Each structure stands twice: as structure tokens, then as C-alpha cells.
Amino acid sequence: MQPHQPEQQRPLLVDSDTEEEETAYDSAEKVLIIGVDEDEAEGSDSAGGLPPFSWKKLWLFTGPGFLMSIAFLDPGNLEGDLQAGAIAGYSLLWLLLWATAMGLLVQLLSARLGVATGRHLAELCRDEYPTWAMMVLWVMAELALIGADIQEVIGSAIAIKILSNGVLPLWAGVIITALDCFIFLFLENYGVRKLEAVFAVLIGTMAVTFAWMFGETKPNGVELLLGILVPKLSSKTIRQAVGVVGCIIMPHNVFLHSALVLSREVDHSKKERVQEAIRYYSIESTVALVVSFIINLFVTTVFAKGFYGTETANSIGLLNAGQFLQEKYGGGLFPILYIWGIGLLAAGQSSTITGTYAGQFIMGGFLNLRLKKWLRALITRSFAIIPTIIVALVFDTSEGTLDVLNEWLNVLQSIQIPFALIPLLCLVSKEQIMGTFRIGPVLKMVAWLVAGLVIVINGYLLVDFFSSEVKGVLFSTAVSVLTAVYVAFIAYLVARGVTCLSWCR
């Protein structure tokens with residue numbers, strides 16, 4: 001059974017010249033998949049089996065997974081890494097490994113959804129849910145993206161401040177970072193593969209700079225291996241553990257990956273071609289997240305080696321990390337402060353550009369909104385840049401206040417996680433949507449357990465945060481009411497998914 005294409009709602013904003021539905025990529029933009037001998041491929045198709053593995057095809061499918069992996073390397077993740085290392089030492093490396101594995105499972109399901117249906121998560125949510133629920137999901141996705149974008153832009157601005165020796169303040173770095181919107185539009189004109197190549201360079205820059213820091217600081221190899229292989233958790237490191245897991249699964253990234261895989265032309269009339277695409281995307285996504293895990297490992301161990309057990313461990317954040325590194329390890333041939341700044345800039349720039357990309361897919365998919373790409377990118381970028389400039393002007397000289405802001409932004413993104421995971425799991429389990437590519441009962445059970453675990457962990461973060469921050473009767477009442485509404489909507493999504501899955505059997 002091939003995936004069913006449901007009846008689609010009319011766009012909320014229609015271009016007067018066309019009635020066509022908004023799509024992630026035009027046909028002319030997609031990468032054509034070639035590289036297997038036609039006779040061999042036809043013989044395989046007629047036999048009903050997968051075409052033989054091809055390294056050339058794997059290369060052509062490689063790209064979307066690495067763009068997706070950038071969300072695992074954004075400045076918010078780097079801050080979580082350095083704080084986990086400084087406060088918990090090597091003891092949470094096992095959790096970083098398993099959190100990355102959980103993130104990989106979610107992203108593979110997202111890619112599977114996009115490949116099997118030929119549509120991305122935001123588009124499918126538009127057709128799956130009533131208009132009111134769809135609009136709530138859209139607003140939540142936009143809020144999650146704005147929260148992530150502010151952290152990413154601030155990270156880039158901090159890097160620019162470091163590399164300019166403090167000459168450029170945070171607000172100036174924010175404005176410079178905002179220009180990446182136009183860089184993105186410029187790169188898009190040269191095709192998907194050129195854009196992916198730029199991101200590969202940025203990921204490579206992160207790998208080289210943080211590997212250099214790893215080599216300079218020489219972390220303990222035995223403690224590193226024990227940290228990866230032996231689970232260890234104490235009451236003093238609970239908050240850092242929650243942060244490690246919370247930073248890995250980003251709501252906007254779930255939407256993004258389901259759209260990125262549509263950049264390859266796949267023949268959906270042939271089951272074997274869809275299976276082949278899922279196989280290649282699974283391989284390249286796994287490789288991409290292995291690379292991201294190694295980079296995160298470098299950052300965590302550098303700060304574990306340098307600051308674990310010291311008086312400064314609890315005061316290290318993204319804003320002052322470079323200065324602490326410089327004081328600890330000095331100058332050398334190339335000062336570690338600038339190595340850190342280059343890596344942080346690569347992380348910030350790559351993640352802000354993918355944030356612009358994700359924003360286009362989210363807005364276009366939920367609203368079926370057809371606008372010129374430059375206008376849609378400008379709107380998406382403005383959502384984050386305007387509040388970020390305000391933040392930079394207010395908090396430029398206050399490290400403590402900036403850390404508090406970062407905590408609130410982490411909470412904002414934690415709140416949104418169920419609104420990406422629950423629709424994804426419901427849709428990828430439906431035969432009506434996925435056809436023969438729906439996930440089986442074992443994978444479904446594992447996926448729901450992982451989603452439940454992530455939601456519970458982030459729930460702990462929310463409870464811990466609000467219990468310390470919420471004061472006063474009026475504020476407490478408002479938070480209680482909003483919490484009740486929040487839980488009720490999550491219950492609605494779950495109940496709707498369970499009911500639909502039961503009805504579809």
C-alpha cells in the first residue's frame with residue numbers, strides 16, 4: 001500500500017497567479033539521484049528487491065543529515081557541554097552518548113516520514129489536525145524556533161566579540177549575524193549541493209578547532225572511557241544531566257529534517273526506490289550524528305579537564321568561557337581564546353542559517369503560505385533578530401542576567417518538545433499516511449518510550465525551574481492555569497493519535 005495523500009486545506013494566503021500548493025523544494029531544485037547501472041537497477045526493481053548499495057548514491061544522498069546535525073552543535077548545546085564538563089567532569093559522557101542515540105532515533109523517524117510521504121511534518125500537521133489545533137502547533141513551533149535562534153545569534157555575537165578583542169559589542173555582533181539571512185539566500189541560488197558544502201566546511205571548522213583544544217588540554221583518556229561506558233549520576237549533577245538531554249532534541253529540528261530529505265528526487269511509484277532512500281538517509285544521518293557526538297565530547301572533556309572541581313566551575317558560561325580558557329592555558333602559538341572563538345562562530349553561523357531554513361519550512365508548511373523566498377526568510381529572521389537585539393542591548397554587560405535569560409530560553413524550548421514529537425510519532429505510525437512504510441509495533445514502542453522519557457526529563461526541568469522562579473500568588477495562579485491548558489493540549493494530541501491509530505487498524 002502506497003502512502004495516502006490526504007485532502008489538503010486551501011492556503012491561508014494565496015498567490016493570485018497560482019493555485020499550486022506550497023512545497024519545500026521545486027522540481028528544478030531537487031538533486032537527481034544517479035550512479036547505478038540502469039540494467040542492474042531495472043533487474044533489481046523487477047525482482048522486487050532493493051537496488052545494490054552504491055557509494056556514489058550514498059554521496060548524492062549525503063547532506064540533509066549533516067544540516068540536521070548542526071542543531072546538535074549549536075551554541076546552546078556547547079554551553080550545556082561546557083557546564084556539564086566543568087561541574088560534572090567526565091561522569092555525564094555516557095548520558096551524552098545515549099541522548100545522541102535518542103536524538104538519532106527521532107531524526108530517523110522524521111526523515112522516514114518525509115521520504116515515505118513526499119511531504120514534510122508541518123505540511124502533514126496542516127492536513128491532520130483541525131485548524132485551531134494546527135494553529136496552536138504552528139505558534140508553538142515558531143516560539144521554539146525563536147528561542148533557539150536567540151541563543152544561536154547570541155552565540156555568534158559572543159564569538160564576534162571575542163575575535164574582535166571586545167571592539168564589537170554584542171548588539172553589533174547580532175546585526176552582523178543577521179546578515180546571514182542574505183548569505184543563505186545567495187547560496188540557495190547556487191543549488192542545494194553548494195549550500196550543503198558550505199555547512200560541511202562549517203562543521204569541519206568546529207571539528208578542527210575543538211579537536212585542537214582537546215589536543216592542547218590533554219584530557220585523561222582512562223577517565224574519558226569510563227565516563228562513556230559507566231553510567232554515573234549524583235544529586236549534584238542532576239541539573240546538568242537534564243540539560244544534556246534537553247539540548248539534544250530541538251523541536252524545530254524535527255520539522256527541518258523531514259523537509260530536508262525532500263531535496264532529493266525519489267520515485268514514489270516504486271517501493272524499492274523509497275526503501276533505498278530511507279536506507280541511504282539512515283546511513284548518512286548516523287554518520288553525521290557520530291561526528292556531532294565526537295565534537296560535543298571534545299568540548300565536554302576540555303572543560304572537565306580544566307575546570308572540574310575548581311572554584312570557577314559553577315560560574316562558567318558561554319560569555320566568559322573563552323576568558324577562563326585563556327587564563328587556564330595561556331597563549332601559545334595560537335591563543336586558545338581565539339580557537340574557541342572560531343569554533344563558536346562556526347557553530348553560531350551554521351545554526352542560525354539552518355534556523356532560517358527551518359523557519360521557512362515551518363511557516364510555509366503550516367500556513368501553505370506562498371511568498372518569495374527572500375521575503376519569507378526576512379520575516380523568519382526578523383522574528384528572532386528583533387528580540388535578540390533588545391536582549392543584547394539590555395544584557396551586554398551582565399553575565400549573570402544573560403545566564404538567567406538562557407535558562408528561560410531553555411525552558412521555552414522544553415515546553416515545545418511534545419508538540420513536535422507527538423505529531424511525528426502519530427503520523428509515522430499511521431498506515432493511511434505512511435502506507436507500507438509505517439513503523440512496526442516494536443519500533444513504535446521504543447519510539448514512544450524515548451519520547452516519553454524526553455518529555456518527562458524536560459518536565460523535570462520545568463518543575464525545577466518554576467519552583468525556584470515562580471513567586472507571588474498572582475504569578476503562581478497564572479502559571480498554574482497555563483500549565484493546566486498545556487497538559488490538556490498534550491492529552492488531546494495523545495488521545496487523538498491513539499484514537500486515529502485504533503480506527504485505522
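**Core, ring pairs and salt bridges**

User: Of the 147 residues in the largest nonpolar core, which touch the most other members?

Analyst: This is a predicted model, in which local features need pLDDT of at least 70 and side-chain atom pairs count only at pLDDT 80 or more, while totals for chains, interfaces and linings use all residues. Residues are numbered from 1 along each chain as its sequence is written, and side-chain values use heavy atoms, with hydrogens and water left out. A nonpolar core is a set of buried Ala, Val, Leu, Ile, Met, Phe, Trp, Tyr and Cys residues joined through side-chain atoms within 4.5 Å, where buried means under 20% relative accessible area, exposed over 50% and partly exposed in between (1.4 Å probe, protein chains only). In the core of 147 residues, the members touching the most others are Phe210, Phe303, Trp340, Tyr357 and Phe366.

User: With which residues is Phe303 in contact, leaving aside its neighbours within four places in sequence?

Analyst: Contact means heavy atoms within 4.5 Å. Once neighbours within four places in sequence are set aside, the partners of Phe303 are Leu82, Gly85, Ala86, Tyr308, Ile316, Ala321, Leu325 and Trp340.

User: How far apart are the end C-alpha atoms of helix H16?

Analyst: Helices (H or I, at least four residues) and strands (E, at least two) are DSSP runs, numbered from the N terminus. The expected span of a helix is 1.5 Å times one less than its number of residues. Of the 32 residues of H16, 29 are buried, so this helix is largely enclosed by the rest of the structure. H16 covers residues 336–367 and should span 46 Å, which agrees with the separation of its end C-alpha atoms, 46 Å.

User: Is the ring pair of Phe61 and Tyr280 stacked or edge-to-face?

Analyst: Rings of Phe, Tyr and Trp (its six-membered ring) pair if their centres lie within 6.5 Å; planes under 30 degrees apart count as stacked, over 60 as edge-to-face and the rest as tilted. The whole structure holds 17 such aromatic pairs. For Phe61 and Tyr280, the centres are 5.3 Å apart and the planes meet at 15°, so the pair is stacked.

User: How many residues apart in sequence are the parts tied together by Phe214 and Phe298?

Analyst: The ring centres of Phe214 and Phe298 are 5.0 Å apart and their planes lie at 45°, so the pair is tilted. Phe214 is partly exposed at 24% relative accessibility, whereas Phe298 is buried at 15%. Since Phe214 belongs to helix H10 (residues 192–217) and Phe298 to helix H14, the separation in sequence is 84 residues.

User: Over the ring of which residue does the charged end of Arg193 sit?

Analyst: A charge sits over a ring if NZ of Lys or CZ of Arg is within 6 Å of the ring centre and within 35 degrees of the ring normal. The side chain of Arg193 also meets that of Glu196 in a salt bridge (3.2 Å, N to O), a term for a side-chain nitrogen of Lys or Arg within 4 Å of a carboxyl oxygen of Asp or Glu. At 5.3 Å from the ring centre, the charged end of Arg193 lies over Trp59.

User: Which residues are linked with Lys57 in a network of salt bridges?

Analyst: Arg273 forms a salt bridge with Glu276, with the closest N and O atoms 3.3 Å apart. Being three residues apart in helix H14, these two are separated by about one helical turn. The network joins Lys57 to Arg273 and Glu276.
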